Amino acid sequence: MNKILIVDASAPDGRIMAGLLTRAGYDPVVTDCIEAGKVEAAKLPPGAVIVTSMRLSDGTAKEFINWLKTEGYKFPVIAIVDNLNTDAVDVMRGGGAVDVVQRLAIDKQLIETVEKYAKPEHVVLTLGNQLLPRKSEVWQKIEEKITAIAATNANAIIFGECGSGKEQVAHQIYLNSSREQKPITIVDAGGAALVGRHNPENERSEIYNRIEGYFQKSAGGTIIIKNVHLLTFEKQSVLLHILETEHPDVRVICTAEPDLLKMITEKTFRPNLFFILRQSDIAVPPLKETTEDIPIIADFFLKRYAAQTGKQRKHLDASAIKALKLYPWPGNVRELKDIVLFAVIHAKGDTITAADISFNLSDASLIEDLHMSQQALEKYKIEDALTRTGWIKSQAAKLLKISRTTLDYKIKQYGLSQS
């Protein structure tokens, strides 16, 4: 597995990044300062990637990158920035970073960005542009709506939680439209593609030229703006001005989290731009609302893994499927992909059981909302381990990777008994 060195003074963000990378099949190591980063960088194997924040307790990302260059290390460095307009410009143009990730969008951008630079020492499953196989009624209706919208030239916004498959829906509208043979440009509103400085007193500012350039490049075709809710107010103004005054022959398809609707109410997103972009829309449901789709999606990833590795395909047993259905999926399909990849790599046999599945139940941000779901999942996994071991508690505790004392406490807590 690729090593990923994280150098970040924020301990909570470091833990979040490590958790995301682990679930995606990487091997992260976290440090909090340049000096510790130097020690760990010297241990990195080929194919590693470094992720560092702009400012650290003992220096800056530029200083760390300069040290790496002096020592002859050529690991790609991804910078975590707070402000895309200034920090990103400086660190990419003069600081030596290969890419940037906005701190507020770590959960959305980190894995995708790391995948671009990590050497392929392990299999990385990507969602791609195709729709995943589904059987739920709600997804049948979504596919019908994709076809209906694609037959028009209307702009569209695809709403949905992080990792729910919004980008795949956006691509399918493009692929089924009359513009499919014309250019397509994909821009992440929170990514490096829209880095630039905007001067509201100068219409031909750097960011204006950049956004206008995307429209010129896509003439007659389509622009997909990912995470449009991350556009700054200034960039919203530029986009609105281009759409209203230049009337480009370009269809705009956006993806957005549901918070965009709240932003309209709070006046942090321009209503006039919103209504131009949302001439049609599709709401993508979270995975926890379509649990009947989980087995077929998971099996799709298992097939993909087997095809990429040439290894025998593994299967989920009933206990694994039940565990997957009990989990509340805050990261939706993207998280399902990562968890299936982790399970298929670590399962010893050809059958994946509940014991092989590792969920991230320690995120502080999830504790309050997911408490009941976590308890249900934990109870089920304990019941399954006890059943599989014939209620031999020492073996069940080993299977669950907890102590015998903890197992006894959990059995009492959940009122479990051998039938």
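Which residues touch the most other members of the largest nonpolar core? I looked these up and found Phe215, Val228, Leu239, Leu260, Phe269 and Leu277, in a core of 29 residues. I took a nonpolar core as a set of buried Ala, Val, Leu, Ile, Met, Phe, Trp, Tyr and Cys residues joined through side-chain atoms within 4.5 Å. Buried means under 20% relative accessible area, exposed over 50%, and partly exposed in between, with a 1.4 Å probe and protein chains only.

**Basis.** I worked from a predicted model, in which local features need pLDDT of at least 70 and side-chain atom pairs count only at pLDDT 80 or more, while totals for chains, interfaces and linings use all residues. Residues are numbered from 1 along each chain as its sequence is written, and side-chain values use heavy atoms, with hydrogens and water left out.

Helices (H or I, at least four residues) and strands (E, at least two) are DSSP runs, numbered from the N terminus. Another core, of 28 residues, lies apart from the largest one and includes Leu132, Ala320, Leu336 and Ile357. I then listed the contacts of Leu260, contact meaning heavy atoms within 4.5 Å. Beyond its neighbours within four places in sequence, Leu260 is in contact with Ile157, Phe159, Val228, His229, Phe269 and Phe274.

**Strand β11.** I checked its cover and found six of its six residues buried. Arg251, Ile253 and Thr255 lie on one side, and Val252, Cys254 and Ala256 on the other. In a regular strand the side chains alternate between the two faces of the sheet. Two strands pair if DSSP finds at least two bridges between them. β8 and β11 run parallel and are joined by four bridges, with Phe159 partnered by Ala256 of β11. β10 also pairs with β11 in the parallel sense, over four bridges, and Ile224 stands opposite Ile253. The path from β10 through α9 to β11 is a right-handed β-α-β crossover; that is, with the strands pointing away from the viewer, the path from the first strand over the helix to the second runs clockwise.

**Cysteines.** I located Cys162 in the loop between β8 and α7 (166-175). Is Cys162 buried or exposed? Cys162 is buried, with a relative accessible area of 15%. Leaving aside neighbours within four places in sequence, its contacts are Asp107, Lys108, Glu257, Pro330, Gly331, Asn332 and Arg334. Gly331 is 169 residues away in sequence, yet the C-alpha to C-alpha distance to Cys162 is 6.2 Å. Cys33 also counts as buried, at 16% relative accessibility. I took a disulfide as a pair of cysteine sulfur atoms within 2.5 Å, and by this rule the count is zero.

In α3 (residues 61-70), I found Ala61, Phe64, Ile65, Trp67 and Leu68 buried. Seen down the axis, they fall within an arc of 155°, so they line one face of α3. The arc is that of the directions from the helix axis to the C-beta atoms. Lys69 and Thr70 are exposed on the other side of α3.

In α17 (residues 404-413), the buried residues are Leu407, Lys410 and Ile411. Their arc is within 100°, so they line one face of α17. Thr405, Tyr409 and Lys412 are exposed on the face turned away. Gly415 follows α17 with a positive phi, near 65°.
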